[in-house]
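Have a look at the model first, then read on.

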Amino acid sequence: MIRINIEKRMRAYKGEQVLRIDRTFVAGSITKIYGPSGSGKTTLLKLIAGLSNPDEGEIVVNGNPWYDSSRKINLSPQKRNTGFVFQNYAVFPNMTVLEHLKYAVKDAEWIKRLLHLGRLDTLSTHKPDHLSGGQQQRLAILRALAIKPKVLLMDEPFSALDSKMKMELIGELKPLLSELGVTTLIVSHNQQELEFFEGEVMDFEEIIDN
Ligand SMILES: Nc1ncnc2c1ncn2[C@@H]1O[C@H](COP(=O)(O)OP(=O)(O)OP(=O)(O)O)[C@@H](O)[C@H]1O
């Protein structure tokens with residue numbers, strides 16, 4: 001479970017904007033996050049991962065405080081160990097597909113399963129500049145899953161995939177996420193692409209506070 005109650009000042013186009021979030025994400029659930037560009041969706045994921053800090057408040061995950069401004073607790077991103085799929089993939093240019101996964105995990109059977117899931121089994125020796133955008137995006141998803149995270153944060157994870165690939169991947173991801181029991185937050189511009197995930201919706205349209 002993720003319990004988050006925070007405030008964060010964002011430097012927005014129109015001046016300062018305060019992001020206020022008071023929400024609980026149930027353990028093992030999937031939350032679909034929608035909202036206008038610049039409303040703070042990526043910021044929320046970064047706050048949970050520890051890549052950005054709130055101005056005040058607390059974040060508690062499975063009973064453990066990850067951030068608490070009043071008690072000066074702020075766990076490093078490494079200790080939080082979330083799976084994060086970045087909007088721009090953030091894959092390593094000098095590592096092959098297989099090296100990305102081996103860097104994250106030793107379990108060869110698990111790696112094999114992930115490569116199949118992402119349809120990258122035949123491309124395992126390729127480096128990112130020999131992969132298409134969609135293949136790089138799938139690699140970013142596999143890398144996030146490789147560590148079997150308890151919290152999975154995905155920022156527009158299917159944006160570069162054609163609809164057939166998207167449907168296949170989503171079909172296989174759903175049982176995998178429930179097998180891992182991972183609490184998942186997925187940001188998307190496209191509400192339609194997430195309709196096959198049963199889950200809560202978080203709409204930033206209702207959160208923005210100027
Ligand atoms: N480190 C930061 N400190 C303060 N403000 C930031 C920081 N990073 C981004 N912002 C601002 O916070 C606002 C929200 O950005 P964010 O990337 O979270 O939006 P988003 O909802 O994910 O948008 P998009 O859908 O376009 O990706 C923007 O106005 C941005 O300029």
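1. A quick definition before the helices: a crossing is right-handed if the near helix is turned clockwise from the far one by less than a right angle, and left-handed if anticlockwise. Keep in mind that this is a predicted model.

2. With that in hand, α3 passes α5 in a right-handed crossing. The helices in question are α3, residues 97–104, and α5, residues 133–146; their axes come within 8 Å and cross at roughly 20°. Angles under 35 degrees count as roughly parallel, so α3 is roughly parallel to α5.

3. Which residues make the contact between α3 and α5? From α3 we get Val97, His100, Leu101 and Ala104, and they meet Leu139, Leu142, Arg143 and Ala146 of α5. Sorted by class, this contact of α3 with α5 has six nonpolar residues, one polar and one charged.

4. On to the ligand: 13 residues surround it, and Met10, Ser37, Lys41, Thr42 and Thr43 are the closest. Two elements give two or more residues to that shell, namely β1 (2–12) and α1 (41–49). The shell around the ligand divides into eight polar, three nonpolar and two charged residues.

5. Now the overall picture. The protein has six helices and 10 strands, and its C-alpha atoms fill a box of roughly 50 × 35 × 30 Å along the principal axes. A compact globule of 210 residues would have a radius of gyration near 17 Å, and the protein's 17 Å agrees with that.

Terms used. Residues numbered from 1 in each chain as written. Predicted model: local features only at pLDDT ≥ 70, side-chain atom pairs only at ≥ 80, totals over all residues. Axes fitted to C-alpha atoms, helices over the stretch in contact; angles between N-to-C directions. Helix = DSSP H or I, 4+ residues; strand = E, 2+ residues; numbered from the N terminus. Parallel < 35°, antiparallel > 145°, perpendicular 65-115°, else oblique. Contact = placed C-beta atoms within 7 Å. Nonpolar A, V, L, I, M, F, W, Y, C, P; charged D, E, K, R; others polar. Near = placed C-beta within 6 Å. Rg over C-alpha atoms; globule rule 2.2 N^0.38 Å.
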